[in-house]
Amino acid sequence: MKDGVIVVGGGPVGLMVASELALANIKVCLLERLKDTTPYSRALTIHPRTLEILDMRGLAPELLEKGRPIPKGHFAGLATPLDFSVLDSASNYTLVLAQSETEKLLEERARGLGVAIIRETEVKSIRQHDEGVEVTALGSEGEYRLTAAYVVGADGGGSLVRKQMDIAFLGTDATFTCMLGDVKLPELEAGGIVSHFTEQGGIMIVPVTKQIHRVIVFDSERMAIAKDEPVTLGELKSSMLRVYGQDFGIREAEWLSRFGNATRQAEHFRKNRVFLAGDAAHIHLPAGGQGMNVGLQEAVNLGWKLAAELNGWAPDWLLDSYHEERYPVSTALLRNTEAQALLIRQLPGVVELRKLMASLLQIPEANALLSAQISAFDVGYAPDPQSPPHPLNGRRFSELTLRLASGSLLKSYKLMHAGSYVLLHLAGDPQFGELVDWEKYAHVEGVQASIAEAAIGWENVHTALIRPDGYIAWAVDCTESAPLEAVKAGLARWCEQGSTHLK
């Protein structure tokens, strides 16, 4: 498989990047040390931008069938919730869905696309050279070696891939730990939610299923306990009583864990032929439920770029853009989780600070600012310096309602199910059809349409190129002096091998 990719790690991030590669007909082998997908709820929330990305791949109906949408999020559990319902999207909510269900869905999709998933296999070493990467693994039948053109490390915070590549993991160790459990609370009404913080600590309770609630406890008397020390049901009960004065008859834990606020980031997300994604690239306090979401967004950013390289049409600069684009997003994630850690920690004056912050979040503009940050709606990439300037360049692609030449209506995300570029022509230029050599640009989905429902920023767009990960590569305005030439040049730079990227 020297022309393919080995993905190390079979969690949501590894499964997603493997699927993105397979969608582009790349051979993929995924190695995972566990026998099965996780049985635990773990990452419990799928945020709005992630839902949009999954909708672009046609996964939204299955997710909605299994999950429970809620229109709100939180920042450090403040009394004023974040209002996702104001976001400009059909996915203006968080979907509560156990990671066990998310992983099953993603593994089924990966297998359906032809990904070779090898479980109960531990990677022992990785060695790269000019022509590819060699992975030594230990499976049920002994040790063996695999070779590939590239390796993606999605193997968690303790990433062997990162360590083997000697990539520094910069940051700080945990200064406190907290507890969580998926438990039965017979004395709490079904679907009941609790969020309460005092000088003694804090507690957050949200429903996972009709029978199970997720309990998160920040107990000032237990925050010095080492992360690796197991949590007991008795310990969780005692902390609930100390912090909240009630334990809701807690019993029958499905999962208990302890987590901390260690904050670290890989110095590089790429080292030659090896890439990092998800927790392998960054760890942080799991505040606001952002970790898995950011990892899935990284997987989609990386997948199409690796596929483009292997399929022979990637510009020279494309693979390097993975680190260039995602590292600042990861940095912003670490900064907002560090801020939340300060608000969660029971230090002098924090309770009053929490009250002040909660008051500020009642201001719609402030609430919208943090809602966009937690949901990843504020993520955008640097505009293409070689394209005509346009306000849409580099921005998130918000779904449009299109009217096709036949008169029928189409939601634009349906155009992205195949993971290709979408070249969206809106000006009705009769010469447009002759401009593009579609055989040459087989990896571009061309669509001529008009916008059926008004969309901010799209009022005078001639043509736009939408990246496979749902961001706008460039848009050409109708006022451009030579719009067809600008479109042709934009296609050549983004969709052809060998084009350069000047900064």
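Q: Why is His-268 called partly exposed?
A: Its relative accessibility is 40%. Buried means under 20% relative accessible area, exposed over 50%, and partly exposed in between (1.4 Å probe, protein chains only). His-268 therefore counts as partly exposed. This is a predicted model: local features need pLDDT of at least 70, side-chain atom pairs count only at pLDDT 80 or more, and totals for chains, interfaces and linings use all residues. Residues are numbered from 1 along each chain as its sequence is written, and side-chain values use heavy atoms, without hydrogens and water.

Q: Where is His-268, and what is it in contact with?
A: His-268 sits in the loop between strand 19 (263-266) and strand 20 (270-271). Strands here are DSSP runs (E, at least two residues), and helices are H or I runs of at least four, numbered from the N terminus. Leaving aside neighbours within four places in sequence, His-268 contacts Ile-167, Leu-276 and His-323. Contact means heavy atoms within 4.5 Å.

Q: What makes Cys-178 buried?
A: Cys-178 has a relative accessible area of 2%, so it is buried. Cys-29, at 6%, is buried too.

Q: Why are helix 8 and helix 9 called oblique to each other?
A: The axes of helix 8 (residues 320-344) and helix 9 (residues 350-360) cross at roughly 125°. Axes are lines fitted to C-alpha atoms, for helices over the stretch in contact, and angles run from 0 to 180 degrees between N-to-C directions. Under 35 degrees is roughly parallel, over 145 roughly antiparallel, 65 to 115 roughly perpendicular, and the rest oblique. Helix 8 and helix 9 are therefore oblique.
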